[in-house]
Amino acid sequence: MTQKPAWAIENYLDVKNGRLSVGGADCVELAEKFETPLFVFSEARIRHNIDRLKAVERAIEMPLKICYAAKANSNMAILRTVKENGISLETNSGGELFKALKVGFAPQDIILNGTSKSEEELEQAITAGIYAIQADSLFEVELIESVARKLNKPANVSLRLVPEIQTDTLHGLQTAMLTSKFGMLAPEVLAAFRRWHNSDLLNLCGIHLHLGSQNPDGRPYAEAFLKLFELLAQIFDETGKRLEHLNLGGGFPVNYLRDASSAGMMTEDQQALFAAQLEPAQVLEKAVSVVRNVAKDSGAGHLLEGLTILLEPGRSVISDAGLVLTEVKNRKQRPLPDGTVDSWLLTDAGYNIMLSMNNYDWYYHCISASHADAPHETKYKIAGPLCDGGDVYFDIEGTNKLPDHRLLPENVETGEILAMLNCGAYSLAQMFPYNGRPLPAAVLIRENSEVELIRKRDSYELLIESDIW
């Protein structure tokens, strides 16, 4: 029996007839039918990832509300799939809130984050009656109160804490440090509860924090939960206010190095980041256990009764459920000073559809969809189509992209379809039509292997639709 490649995932990524298959759909045929670049998502993998997070509730034996982070991918069919799998939604703008309501999420299943909410966005949220508006500052609490007074309707509000907890993720993904732009200090949170705990306009119902994304270590979750509980207890002692929920955010990692063949071209820190694996149920079970012991010893265990725990996973729901198919459009050879030759492959997928490669020097594993069963042992320099020297899939001086080369079958020709794996998060949501390149289509492979078009490929006309000339 032929051994499956390291990147294969049961009921999702596989090799059939020598080519890459997603949930039973042939990726080369998808590329031919829908053109490239093309986003491909798996309904089965999304369900699997959500079920894995639902296991947290059984592990912690507390009410759990999972709020998928729409910022990771807010395509309407993806939101529909999330909703059909029975979880809630975290939004970060009026636009995401509009989409959430449009796709059918109940207001009690929506929360609104963000550092710079407008009065119009707050009006949307309060009018809809969503589960919680996550306030980012004392100024914003006052603004919410003002909007609620104007509407003559109370608002549910949770306060975002910046707990000064460092994790081992990338600097740009650290959101729990004082150097980040998010949240308020514990004394500010306390001041808000002292001022508004009896308000008729503001229902201060929870505290929120977010440790950042792709956390490789479970330790910070216990530290974060303990800080939230200690603040919850202090709020109760000073005001008598019992909170309804504590929100631990998201940040659970995805293993981008299931196939570690390129790991040797990375530093140890980079390998640890991209190969990070945590089981959310185990991590949260330990965190809750620590807090339960502290609560019991302090006589504050009653404050945990009826308390709901919120999570805001994005990457861990959608990242490994999506990939990008791209066609090799050009190839060339470049001699090197040491007498060797670099083989270059120029594709039709650039950083305009995989922005994290430039923003965070992110790694997406690349394979041949056309010859998925062939040995991937030949080094190539791969680059995108943009008129920009930084539009490459490898390290160039000053960029630290990963890795130095990509490993693919020997003799890759033009017309071959490549797949960039684990692109489901922060790619489709962040893409932009740089160089006048129409944005790609996207398909969802249903659990019965049916192919559903969930985003049409943009036309040239769309490039000028909003221009006035």
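Hi everyone, let's start with a pair of helices: helix 2 and helix 10 are roughly parallel to each other, a label used for angles under 35 degrees. Before going on, this is a predicted model, where local features need pLDDT of at least 70 and side-chain atom pairs count only at pLDDT 80 or more, while totals for chains, interfaces and linings use all residues. Residues are numbered from 1 along each chain as its sequence is written, and side-chain values use heavy atoms, leaving out hydrogens and water.

Back to our pair. Helix 2 covers residues 43–60 and helix 10 covers residues 280–298; their axes come within 8 Å and cross at roughly 30°. Helices here are DSSP runs of H or I with at least four residues, strands are E runs of at least two, and both are numbered from the N terminus. Axes are lines fitted to C-alpha atoms, for helices over the stretch in contact, with angles from 0 to 180 degrees between N-to-C directions. Who meets whom?

Now the barrel. Which strands build it? Eight strands form a closed barrel in the order 5-6-7-8-9-10-11-12, with parallel pairing; two strands pair if DSSP finds at least two bridges between them. On average, neighbouring strands in this sheet are turned by 30° against each other, direction ignored. Strand 5 (residues 64–69) pairs with strand 12 (residues 308–311) in the parallel sense, over three bridges, and there lysine 65 stands opposite leucine 310.

Helix 7 (residues 186–196) lies across strand 9 (155–160) and strand 10 (202–208), at about 160° to strand 10.

On to the inside. A nonpolar core is a set of buried Ala, Val, Leu, Ile, Met, Phe, Trp, Tyr and Cys residues joined through side-chain atoms within 4.5 Å, with buried meaning under 20% relative accessible area (1.4 Å probe, protein chains only). The largest one has 120 residues, and Tyr68 and Met354 have the most contacts inside it. Helix 8 (residues 219–239) gives the largest share, 10 residues. Not counting residues up to four places away in sequence, methionine 354 touches several residues, including Tyr364, Tyr393 and Met420.

Last stop, a hairpin. Strand 19 (residues 441–445) and strand 20 (residues 451–455) run antiparallel, joined by four bridges, with leucine 444 opposite glutamate 452. Five residues sit between these strands, and serine 449 takes a positive phi near 75°.

Notes. Contact means heavy atoms within 4.5 Å. Buried means under 20% relative accessible area, exposed over 50%, partly exposed in between (1.4 Å probe, protein chains only). Angles under 35 degrees count as roughly parallel, over 145 as roughly antiparallel, 65 to 115 as roughly perpendicular and the rest as oblique.
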